[in-house]
Amino acid sequence: MGANSRLTVADLRASKGTRQYTDVYVSSAEEAAAAAEGGIDMVTIQDAQMSTEMRSAAGNAFIVVGLDYGQVVTTDDYLRAAFSAINDGADACWCAASLQTIERLAAEGIPVVGHVGLIPPRRTWTGGFKAVGKTATTAMEVWRQTSALVDAGAFAAEIEVVPEPVATAISAKTSLVMISMGSGSNCDAQYLFSTDVLGTNTGHVPRHAKQYADLRAELDRIQEMRVAAYAAFADDVASGGFPDAARLVAIDPVELATFATALAAEQ
């Protein structure tokens with residue numbers, strides 16, 4: 001693939017098992033542009049954020065659009081949302097819906113990324129936000145989920161918080177491009193959220209996440225500067241310091257006098 005070429009599904013499949021791609025979840029065009037400039041291979045976004053602007057910002061990065069499970073409901077809804085994303089320049093769609101829905105998407109040529117292991121929208125079935133596949137029985141269930149996605153026509157799957165040896169074995173055995181979220185280093189891509197990478201996460205930080213910057217401190221500093229600037233403006237208005245002469249529009253004295261005479265004559 002050339003330096004100025006965009007990643008494709010064919011590229012990802014062809015390099016399976018030979019390299020690790022990087023994938024980050026971004027929430028703005030600015031983050032997408034920074035990720036692309038920083039050499040990130042793939043960016044994942046929510047469907048509501050996908051636009052031609054986002055495509056342009058992401059440069060050559062492979063865009064996966066997450067079809068919002070629970071907000072997108074019927075198979076026809078998924079098809080409409082997927083085609084809208086692809087038409088705006090997305091490269092693939094993440095889908096946690098039924099295998100039947102994934103089959104329909106795949107049948108229309110939509111590249112689908114499925115999900116195995118901990119699936120957050122369905123976490124109640126596996127005990128909440130916790131690792132999946134820590135027993136032989138549950139590890140085999142992750143394998144069966146993966147095989148079912150292959151049969152449904154998906155080309156990739158996110159594998160979330162599964163023990164590394166289990167994820168390694170599954171990734172080696174399946175034809176799917178496996179995207180690791182906390183499942184070790186032997187899959188085909190490593191996936192993190194920008195909030196964790198950038199240090200802007202104000203909630204729970206998962207064990208598998210790693211912080212590479214402290215933007216939270218910088219954002220707090222910027223907020224303090226905002227408050228100080230607004231307060232100074234308010235004080236300036238109260239004291240009569242704003243607006244000063246340099247910020248006023250001048251008028252010729254003759255014109256002003258003529259205007260004043262005309263205005264006084266008005267009833």
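Where is the place of proline 243? I looked this up in a predicted model. Proline 243 has its place in the loop between α9 and α10 (253-265).

**Entry: the cis bond and its neighbour**

I checked the peptide bond joining phenylalanine 242 and proline 243, and it is cis, with omega at about 0 degrees. Most peptide bonds are trans. I then looked up the exposure of phenylalanine 242, which counts as partly exposed at 33% relative accessibility.

**Entry: aromatic pairs**

I ran the search for aromatic pairs over the whole structure, and it finds 4. A pair of aromatic rings is described by the distance of the centres and the angle of the planes. For tyrosine 25 and phenylalanine 193 I noted ring centres 4.7 Å apart and planes at 15 degrees, so this pair is stacked. Stacked requires planes under 30 degrees apart.

Where do the two partners lie? Tyrosine 25 is in strand β1 and phenylalanine 193 is in strand β8 (residues 189-193), so the pair ties together parts that are 168 residues apart in sequence.

Phenylalanine 233 is partly exposed, and I noted a relative accessible area of 48% for it.

I also looked for clusters: Tyr25, Tyr191 and Phe193 form one aromatic cluster. One charge is on record in my notes as well: arginine 19 has its charged end over the ring of tyrosine 21, 3.8 Å from the ring centre.

I followed the chain from β1. Strand β1 (residues 21-25) pairs with β2 in the parallel sense, over 3 bridges. Within this pairing, valine 43 in β2 has valine 24 opposite.

Threonine 44 has valine 64 as its bridge partner in β3. From β2 the chain crosses through helix α3 (residues 52-57) to β3, and I recorded this β-α-β crossover as right-handed.

Is strand β2 enclosed or open? Of the 5 residues of β2 (residues 42-46), 4 are buried, so the strand is largely enclosed by the rest of the structure.

**Entry: helix α4**

I took the span of helix α4 (residues 75-87) next. The helix has 13 residues and reaches 18 Å from its first C-alpha to its last, close to the 18 Å expected at 1.5 Å a residue.

Which residues of α4 are buried? They are Tyr78, Leu79, Ala81, Ala82 and Ala85. An α-helix has 3.6 residues a turn, so residues three or four places apart point the same way. What covers the buried residues of α4 includes β3, β4 (92-94) and α5 (99-107). After α4 comes glycine 89, and I noted its phi as positive, near 115 degrees.

Strand β5 (residues 112-117) is mostly covered, with 6 of its 6 residues buried. β5 pairs with β4 in the parallel sense over 2 bridges, and cysteine 93 stands opposite valine 112 in β5. The chain gets from β4 to β5 through α5, by a right-handed β-α-β crossover.

On to strand β6 (residues 156-160): β5 and β6 pair in the parallel sense over 5 bridges. For glycine 117 I found glutamate 160 as the bridge partner in β6. β5, helix α6 (residues 136-152) and β6 make a right-handed β-α-β unit.

**Entry: two loop residues**

Valine 161 is placed in the loop between β6 and α7 (164-173). Its phi is near 40 degrees, a positive value in a residue other than glycine. Most residues other than glycine have a negative phi. Valine 161 counts as buried, at 17% relative accessibility.

Glycine 203 lies in the loop between α8 (194-198) and α9 (215-239), and counts as partly exposed at 45% relative accessibility. I took one distance from there: the C-alpha atoms of glycine 203 and alanine 92 are separated by 29 Å, with the two residues 111 apart along the chain.

Methods:
Residues are numbered from 1 along each chain as its sequence is written. This is a predicted model: local features need pLDDT of at least 70, side-chain atom pairs count only at pLDDT 80 or more; totals for chains, interfaces and linings use all residues. Side-chain values use heavy atoms; hydrogens and water are left out. Buried means under 20% relative accessible area, exposed over 50%, partly exposed in between (1.4 Å probe, protein chains only). Two strands pair if DSSP finds at least two bridges between them. A crossover is right-handed if, with the strands pointing away from the viewer, the path from the first strand over the helix to the second runs clockwise. Rings of Phe, Tyr and Trp (its six-membered ring) pair if their centres lie within 6.5 Å; planes under 30 degrees apart count as stacked, over 60 as edge-to-face and the rest as tilted. A charge sits over a ring if NZ of Lys or CZ of Arg is within 6 Å of the ring centre and within 35 degrees of the ring normal. The expected span of a helix is 1.5 Å times one less than its number of residues. Contact means heavy atoms within 4.5 Å.
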